[in-house]
Amino acid sequence: MIAETVCSAVSAAGLGIAVVTAYRKRYVAAARLAAYSLVPVGLVMTGVVGWLADTALSPTAWAGFGVLGAAWLLFTGTRAVERRRGTTAAERGAAGKAEREAVAPAAAAPPPGGTAHGTARPSTPRPAPRSAGAPEDFSDIEAILKKHGI
């Protein structure tokens, strides 16, 4: 009798916290809290807390299984939403770290047609065209790749 009362009180408190969390517009967290809160009442209603011989025929037990099913659906639903959004704690941390370490590619390159100060570059003579049999010089490409750490 005391165990059922305690489980009911814990579930009611958890549901109250879930309502406050939902009021703060954190709906996924609120749904997860509600799922956790329904587990103790579901266990009491199924008869796990106070095992009875007639559990299989008890409508309360079947209602408890329904409550446990609802809790399971909330767990899986919130997990699916988090995966779709990519908002697990590890992913949020990785995304934040990547943002801090990212370099703006537009800021690294000078504007087309001039230097960073807006003056035109002096024209340089074009290199002579290569013959068909000469190997290509990739030193400028290697320098660009090294500059970007590749």
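Let me begin at the end of a helix: α3 is followed by Gly86, whose phi is positive, near 75 degrees.

Some housekeeping. This is a predicted model, in which local features need pLDDT of at least 70 and side-chain atom pairs count only at pLDDT 80 or more, while totals for chains, interfaces and linings use all residues. Residues are numbered from 1 along each chain as its sequence is written, and side-chain values use heavy atoms, with hydrogens and water left out.

Now the chain as a whole. The protein chain has six helices and zero strands, and along the sequence the pattern reads α-α-α-α-α-α. Of its 150 residues, 17% are buried. Buried means under 20% relative accessible area, exposed means over 50%, and partly exposed lies in between, with a 1.4 Å probe and protein chains only. The accessible surface comes to about 11,800 Å², and carbon and sulfur atoms account for 66% of that. Those areas come from the Shrake-Rupley method with a 1.4 Å probe. As for contacts, which mean heavy atoms within 4.5 Å, take those between residues at least 6 apart in sequence: 53% of them join residues at least 24 apart.

Next, the α1 and α2 pair. Helix α1 covers residues 2–23 and helix α2 covers residues 27–46; they pack at an angle of about 170 degrees, with axes 8 Å apart. The axes are lines fitted to C-alpha atoms, for helices over the stretch in contact, and angles run from 0 to 180 degrees between N-to-C directions. How are α1 and α2 oriented to each other? They are roughly antiparallel, a label that applies to angles over 145 degrees. On the α1 side the contact includes Cys7, Val10, Leu15 and Ile17, and on the α2 side it includes Tyr27, Leu33, Leu38 and Val44. By class, this contact has 15 nonpolar, five polar and one charged residues. In that scheme Ala, Val, Leu, Ile, Met, Phe, Trp, Tyr, Cys and Pro are nonpolar, Asp, Glu, Lys and Arg are charged, and the others, Gly among them, are polar.

The loop between α1 and α2 holds Lys25. Lys25 is not a glycine, yet its phi is positive, at about 65 degrees. Lys25 is also exposed, with a relative accessible area of 62%.

Ahead of α1 sits Met1, exposed at a relative accessible area of 79%. Met1 and Val49 are 48 residues apart along the chain, and their C-alpha atoms are separated by 9.6 Å.

Moving on, the loop between α2 and α3 includes Ser58. Is Ser58 buried or exposed? Ser58 counts as buried, at 19% relative accessibility. From Ser58 to Gly47 is 11 residues in sequence and 9.2 Å in space, C-alpha to C-alpha.

That brings us back to α3, residues 59–85. Its 27 residues should span 39 Å at 1.5 Å a residue, and the end C-alpha atoms are 39 Å apart, so the two agree. The expected span is 1.5 Å times one less than the number of residues. Which residues of α3 are buried? They are Ala61, Gly64, Val67, Ala71, Thr78 and Glu82, and the buried residues of α3 pack against α2.

Val39 is partly exposed, at 26% relative accessibility. Leaving aside residues up to four places away in sequence, Val39 touches Leu68, Ala71 and Phe75. Val39 and Gly64 lie 25 residues apart in sequence, with 9.1 Å between their C-alpha atoms.

Notes: Helix = DSSP H or I, 4+ residues; strand = E, 2+ residues; numbered from the N terminus. Parallel < 35°, antiparallel > 145°, perpendicular 65-115°, else oblique.
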